[in-house]
Amino acid sequence: MESRALGQQGLVVSEIGLGCMGMSEFYGRGDERESVAVIHRALDLGVTLLDTADMYGPFTNEQLVGQAIADRRSGVVVATKFGNERRADGSFVGINGRPDYVHSACDASLHRLGLDHIDLYYQHRVDPNIPIEETVGAMSELVEAGKVRYLGLSEAAPATIRRAHRVHPISALQTEYSLWTRDCEDEVLPTVRELGIGFVAYSPLGRGFLTGRFTSASDIEEGDFRSRNPRFEQDNLEVNLAILDSLNELAELRGCSAAQLALAWLLAIGDDIVPIPGTKRLRYLEANIEAVQIELDKDDLQLLDERVPKGMAVGERYADMTSVNK
């Protein structure tokens, strides 16, 4: 496992991280014991970046991550997020970027994680009612207080990123990015590269679609977030399967899985990109990490662009897109 820099402030992480969200919510039932085992195995294999958020669970995912790393803190980069405010019963309050909430949310996350500082603290979604300068100003106060080391944004628009970066250096921008979600290439990715901000790609396997697990809407468990996702609606899914067919053909030529090829593609298009595939199963974790051994050259990347072109996926990536790219 190699390392990559996120931003220019000194944050260095493994080239593949681990998304922990699905261990607690959104993607069907999880098993806490196996989830802890997955985190431990990831650390053993050289993964250093663990990604969570206060809203996952809600709150329980941070507790899980904190439990898993209680005796393994050294070398682990813990990234968590605030801004999608939820109640303990799971109901959503809304997006909150108020300065006072920034401070209280951070303190609560530190308590759940059992840490004295958060390595990378993201605003999960941009609050349209609070100037980004005020929110990032409060986040910078957390850095000054030693509660946070580096700052990040998630699903922020280019203009927002620029304004935030002027208040305090942003080390990482986290946005969905994969072979079936490439809209960030239009403006967001060029912006962060211009500013020297690292890019953390969440859902790099298309919420599991690029693994080949879902060929019908009926494959999705009841209560799974994907059952309400437009791209997994049956009509859209049938069209999107052409992406998987092409990827499977190319993966077979390379002697790897479609998922591994999708991760290798992200790793190859820039050393400023760190994918964080999420899983709660040991076998998937180990298979994902094997993607670092696949080297793609310019010809490989061109072939992927031809066979799986940008904009090929059908359907919005969220049922409600109003909170992204703000």
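Colleague: Let's begin with helix 7. What distance separates its end C-alpha atoms, given the 21 residues of residues 234-254?

Modeller: This is a predicted model, so everything here is computed from it. With 1.5 Å a residue, helix 7 should span 30 Å. The separation of its end C-alpha atoms agrees with that: 30 Å.

Colleague: At which residue does helix 7 bend?

Modeller: The bend in helix 7 is about 25°. One of the buried residues of the helix sits at that place, and the residue at the bend is asparagine 240.

Colleague: Which helices are included in what covers the buried residues of helix 7?

Modeller: The buried residues of helix 7 include Leu237, Leu241, Ile243, Leu244 and Ala251, among them also Asn236 and Ser246. Their cover includes residues 258-268 and residues 298-307. Those are helix 8 and helix 10.

Colleague: Is helix 7 roughly parallel or antiparallel to helix 10?

Modeller: The two helices pack with their axes 10 Å apart, at an angle of about 155°. Anything over 145 degrees counts as roughly antiparallel, so helix 7 and helix 10 are roughly antiparallel.

Colleague: And which residues of helix 10 make that contact with helix 7?

Modeller: The crossing of the two is right-handed. Helix 7 brings Ser246, Leu247, Glu249, Leu250 and Arg254 to the contact. On the helix 10 side, the residues are Asp300, Leu303, Leu304 and Arg307.

Colleague: What phi does the glycine just after helix 7 take?

Modeller: Helix 7 covers residues 234-254, and the residue just after it is glycine 255. Its phi is positive, at about 70°.

Colleague: Let's move to helix 3 and helix 4. At roughly what angle do their axes cross?

Modeller: Helix 3 is residues 99-113 and helix 4 is residues 132-144, and their axes come within 8 Å. The crossing is right-handed, and its angle is roughly 35°.

Colleague: Staying in helix 4, is serine 140 buried or exposed?

Modeller: Serine 140 has its place in helix 4. Leaving aside neighbours within four places in sequence, serine 140 is in contact with Leu151 and His168. Its relative accessibility is 10%, and under 20% means buried, so serine 140 is buried.

Colleague: How far is the C-alpha atom of serine 140 from that of arginine 317?

Modeller: Serine 140 lies in helix 4, while arginine 317 is in the segment after helix 10. Along the chain they are 177 residues apart. Between their C-alpha atoms, the separation is 31 Å.

Colleague: Is arginine 317 itself buried or exposed?

Modeller: Not counting residues up to four places away in sequence, arginine 317 touches a list of residues including Glu155, Glu176, Asp183, Tyr202 and Arg231. Its relative accessibility is 4%. That is under the 20% cut-off, so arginine 317 counts as buried.

Colleague: Which residue joins glycine 57 through a cis peptide bond?

Modeller: Most peptide bonds are trans. Here omega is about -5°, and the bond is cis.

Colleague: What is phi of serine 203 near?

Modeller: Most residues other than glycine have a negative phi. Serine 203 sits in the loop between strand 11 (198-202) and helix 7, and is buried, with a relative accessible area of 12%. Its phi is positive, near 50°.

Colleague: Asparagine 325 has a positive phi as well. Is asparagine 325 buried or partly exposed?

Modeller: Asparagine 325 is in the segment after helix 10, and its phi is about 55°. Its relative accessibility is 42%. That value lies between the 20% and 50% cut-offs, so asparagine 325 counts as partly exposed.

Colleague: Last one: is glutamate 2 buried or exposed?

Modeller: Glutamate 2 comes before strand 1 (3-6). Leaving aside neighbours within four places in sequence, glutamate 2 is in contact with Val13, Ser14 and Glu15. Its relative accessible area is 56%, over the 50% cut-off, so glutamate 2 is exposed.

Conventions
Residues numbered from 1 in each chain as written. Predicted model: local features only at pLDDT ≥ 70, side-chain atom pairs only at ≥ 80, totals over all residues. Heavy atoms only, no water. Helix = DSSP H or I, 4+ residues; strand = E, 2+ residues; numbered from the N terminus. Expected span 1.5 Å × (residues − 1). Bend = angle between axes of the 7 residues up to and from the residue. Buried < 20%, exposed > 50% of the residue type's maximum accessible area, 1.4 Å probe, protein only. Contact = heavy atoms within 4.5 Å. Axes fitted to C-alpha atoms, helices over the stretch in contact; angles between N-to-C directions. Parallel < 35°, antiparallel > 145°, perpendicular 65-115°, else oblique. Left-handed = near helix turned anticlockwise from the far one by under 90°.
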